[in-house]
Amino acid sequence: MASQSLLYAKENRRPAKKRTGERVDTIFLLLLLMLLSVGLTMLYSASSAQSMYDTGYTQSTRYLLKQGACAGIGLAAMWVLSRIPPKFWLGMAWPLYGISIALLLSVLLFGESVNGARRWINIAGLQFQPSEIAKFTLIVLFARLTKGFGSDARTFRYGVLGFGGALLGILVPLALEKHLSAIMLMGMVAVVMMFVAGTHPKWLLCGAGAAVVFVVVYISFMGYAGDRVTAWLHPEQDPADTGYQILQSLYAIGSGGLFGLGLGKSRQKYLYLPFQYNDYIFAIICEELGLVGALLIIALFAALILRGYWIALKAPDRFSTVLAAGLITLIAVQTILNLGVVTNLLPSTGIALPFFSYGGTALAVNLGEMGIILSISRYRDRAAQQEEPL
Amino acid sequence: MAKRQKKKSYARVRGDSGQQRRIFYTALCLGLAAFVPVSLRLYSLMVTDYEYYARLALRNQTRTTTVSADRGTIYDRNMNVLACNKGVENIYLDPHELKQSKADVPAISQALGEILDADPAWIAEQASDLKMRYKQIGKKVDAQTAAQVREYINEYGISGIHLEPGTMRTYPYGTLAAQVIGFTNDSGTGSEGIEASYNAYLEGDAGSVITTKGNNEMDMPFSYENYIGATQGCSLILTLDATVQACLEKQMQTAIDRYAVQNGAFGMVMDVNTGEILAMATLGSYDPNNYLEILDTETVQQLEQMRLSYLMEPAQSSAYTAGKEAYAQALHLAQLKQWRNRCLSDGYEPGSTFKVLTLAAALDCGAVDLDTGFQCSGAQQIPGRAQLLHCWRSTGHGSQQTAQALQNSCNLAFANIGLRLGGERFYEYIQKFGVLEKTGIDLAGESKGVFFDKSLIVDTEKWGTASLTSASFGQTFKLTPLQLVRAIASVVNGGYLLEPYLVSEVVDAQGNTVLKQEPTVLRQVISAETSETMCGLIRSVVTDGTAKNATVSGFDIGGKTGTSEKIDVFDENGQRVQDKIVSFVGVAPMDDPQYIVLVALDTPSRSTGIYISGGVMAAPTVGAVMADILPYLDVERNYAEDDAAGRQVILDDMTGLTAEQAQKLLKEQGLTATAVGGGEAVTAQIPAPGECVPGDSQVILYFGEDPAERLVTVPDFTGMNRQQASDTAGSLGLYILVCGNDSLSYDVVVTAQSEAKDTQVPVGTTIRLEFADIGAHD
């Protein structure tokens, strides 16, 4: 097993039935746990200075402890979800959709404002972003629709209007929240899932074109986002204000060099680089572990993503396949966007790095979603028998 | 192939080969391809541009504190400090820190405003600039103010107000030699005079302390510190002598006051053999400790008037703005004017002082000799010159030989000397005397005057002789005072043209000599014999010519007077003004010339009624300077045998001596005595010991009796000649000290006295009398 390629295994040499997987995919799980442990280690390193500062120089572990607790909850959720058959989500798609829209709308009415944006909601003392639920909902719903549309997904009616209509139900409330990063993220995940489902690429290209037009219009109407673009292309023009964040990030990355300053020895984390332990944690990783460490972590992500798609390919039915593909796409898109932003290839968007960035809800939700992929991986060899004919 | 077939069939079994393929592409895209640009970007940031970002990051994470270098000291030739540094403190706010500590900004602004004498609103404004961590609110405050600020900070426990040490340049002698020394600007860079010219030596190299520091001054465990020490600036030792400078400025100021000189004065003292400048002064001066302040009272009044008049206009009106601008402009011009070193920056018409050069040239090349005769009838038609040439003395000087022509400063004679020289040779000598070039003194801002184009002098066929003849007696062109002094120095020092200099040595902080200036001879202009002849001739100008007022008893002084009209200054009606610059260049001692002194007074007022000429005004001023500085510079006095009265004697203390001993002692000094009382030994004497009296004085010695405390009324000596003054003083029991012209000539009379008339003074008081030749024109 160790020498097999990640995408195409040689397991069809054996009778499929004997390989009926009752156990989750070990490689995916190992990759995930490796990322999580490296992530928590780096979170501690990146957040220690901020923690010391925020606690009046008494405690360096404030953020590690919170994140660790959420990781525990997330792992528990992952274990539970990995034991729930994928079919369960088939029935949950529409109810989840309703709940998500309701939550998103209620944020607009009762939401709490954090850093000037009203995106948070408080239920029974638990503070979370409904958009986290909405991302998951979107993926489950699209998987459900893919199964329902079947080969009709190639048509405009289903492939574009069907998916598009469902997508709008979530994007409109998000647009009202002005939650640009979530819209982008979900838009991209949706496009990938539609591609997987069979929507003709020409429609997707049209959609991408429309998105570009939308972004241009948005930027010209919203001064705030326009500033972000200037800060992206010419951060050095205003190093003290709009360009500060990205310049500090580049200083951290660039000064890491080939092998880095050493674990825990970042200088930029001493409050020079803002968001050094959430959105910009990768810059600190680069500074401490150098190009070698950074590429190793990227390789871990790449491996996890490839293995995720492998699981999708091996999934027993169309719904599971698209669900797994969607969930791993969500991780992939977040990772790529985050790395792009941190290295200033993309303008700043506010997307966290999965399993690394500080943020309890996101970590728990991500781990839970990985639990669903693991659940799907249990059925990796039942595919042939259970797939309904087209 | 077989394998691929299998895969295909496998996919077909799965039912949707399209979906499989699409997932495969997605995986390639999102799982591999998407990471390529990021990885390449990381490589470029972390490997290709590593140096760049590492440097920026370091700069970002480090605090560099500048350790300023101490500016070097400026000494005069006797190591008196002319410029040095004083410790002060700068006070600054950290607006960010103030905000973090939730400081009461209005209260702080109010309190600091009171301590620092600043506008509280302005301080509050500085404190509101939260982007900055450093806002200076107090610049170069003294120790006392700094202590008050410190006390305030401690009392209220404020964080966000800081003090940092700084230095301030101070000039202990104030206005003395201000234009030569110059000053440093706000940022400590020399901006005028020596401070500017030698800034590179004086300023040294600032050092720095570099420490890594987290943002918000958070300490970092993996930090380092790097200390780069400051290199202190070099010190300068000038050729200037503060005492000589003070004497020169004092006598120039006296002349300005006495002759109501309207446009300031300039003068200098140079060593004729080395080119060292011992003193260089421009009055209307300023105080480099406060260089922006205008010191000339008349200018201050004019400026104040301008300021008040625009303040009367409604604010924001165009008249207000225009008036304000004009005021600022005028203030700036006044500042530039008082900073200007006229000795080397401005040309002036030398007038008759230039005749020394013409004559030296003519003698040197044999165009004239001492027996050449010149006729002056007051006016003459010169060939090649359209206008009739008038001598300054309209009645003429009659028949003169070369020496008398110089003594009389006869313009007609010098026009003829110029003609005898011819344009070619005249121009050649002018060039060799350095009139056409800068002197090369080590001070910035030197100019070189304005002289005729060569063809105007040389090509008399074409242009006539007007330029040549006028130039021969020093008119219709300009040179700087320094150029003239250097050229005349070469006439008396054996013929050598020197490069004048002000800084003799540059010494680093450890005391090593970095630069040592040696006298530089550029060329020999005239022969040693001509030089010796010229020394005799200019000596005769003082003994027998227009410069009798420059006489100082005991010293052989030579020189040449000059009175020149400003040909290029016009009044508001376009008429040439009658303003004159009167000057005198003196050299001493004439048997072995050592020092040359120039004093020029710009525009003496007609209101004093004193005849405006170099002989009447500048010559006695130079004489007074010589009288002050020559003894100080250890030039030996050399009294004429017959001039006991002109000699000055400092009285010894004779208390306790017997009559015989006292008589003997006094006789040695050429003094006489009268005895009062019958005691054995001297108990008191008039004048008191240490007093300076004329060499023929009679001293009163008291034997056992107290000197009578008798007061006498000081008479008005003005207008008396030597004999009259001496007799008057003797009859009252006063002593006189002859200053200025010590000739016994009837024309030489008292022009000033040290005790005003009608004041009551004790018997035996010595009164200084200034004698001058009131007939000394030009």
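## A tour from a sheet to an interface

Start in chain B, with an open sheet of 3 strands in the order E23-E26-E24 and with mixed pairing. Bear in mind that this is a predicted model.

Select strand E23 (672-676) and strand E24 (684-686) of chain B. These are the edge strands, and each pairs on one side only. Now look at how the strands are set. Neighbouring strands of this sheet are turned by 25 degrees against each other on average, direction ignored.

E23(B) and E26(B) pair in the parallel sense, over 5 bridges. For a single example, pick Ala675(B). Which residue in E26(B) is the bridge partner of Ala675(B)? That partner is Leu701(B).

Keep E23 and E26 of chain B on screen and select helix H25 (residues 659-668) of chain B. H25(B) lies across both strands. H25(B) runs at about 155 degrees to E23(B).

Now move to the contact between the chains. Color chain A and chain B separately. Chain A brings 50 residues to the contact, and chain B brings 45 residues.

Stay on the chain A side.

Finish by coloring the side of chain A that touches chain B by residue class. Expect 35 nonpolar, 12 polar and 3 charged residues there.

Key:
Residues numbered from 1 in each chain as written. Chains lettered and ligands numbered in written order. Predicted model: local features only at pLDDT ≥ 70, side-chain atom pairs only at ≥ 80, totals over all residues. Contact = placed C-beta atoms within 7 Å. Nonpolar A, V, L, I, M, F, W, Y, C, P; charged D, E, K, R; others polar. Pairing = 2+ DSSP bridges. Helix = DSSP H or I, 4+ residues; strand = E, 2+ residues; numbered from the N terminus. Axes fitted to C-alpha atoms, helices over the stretch in contact; angles between N-to-C directions.
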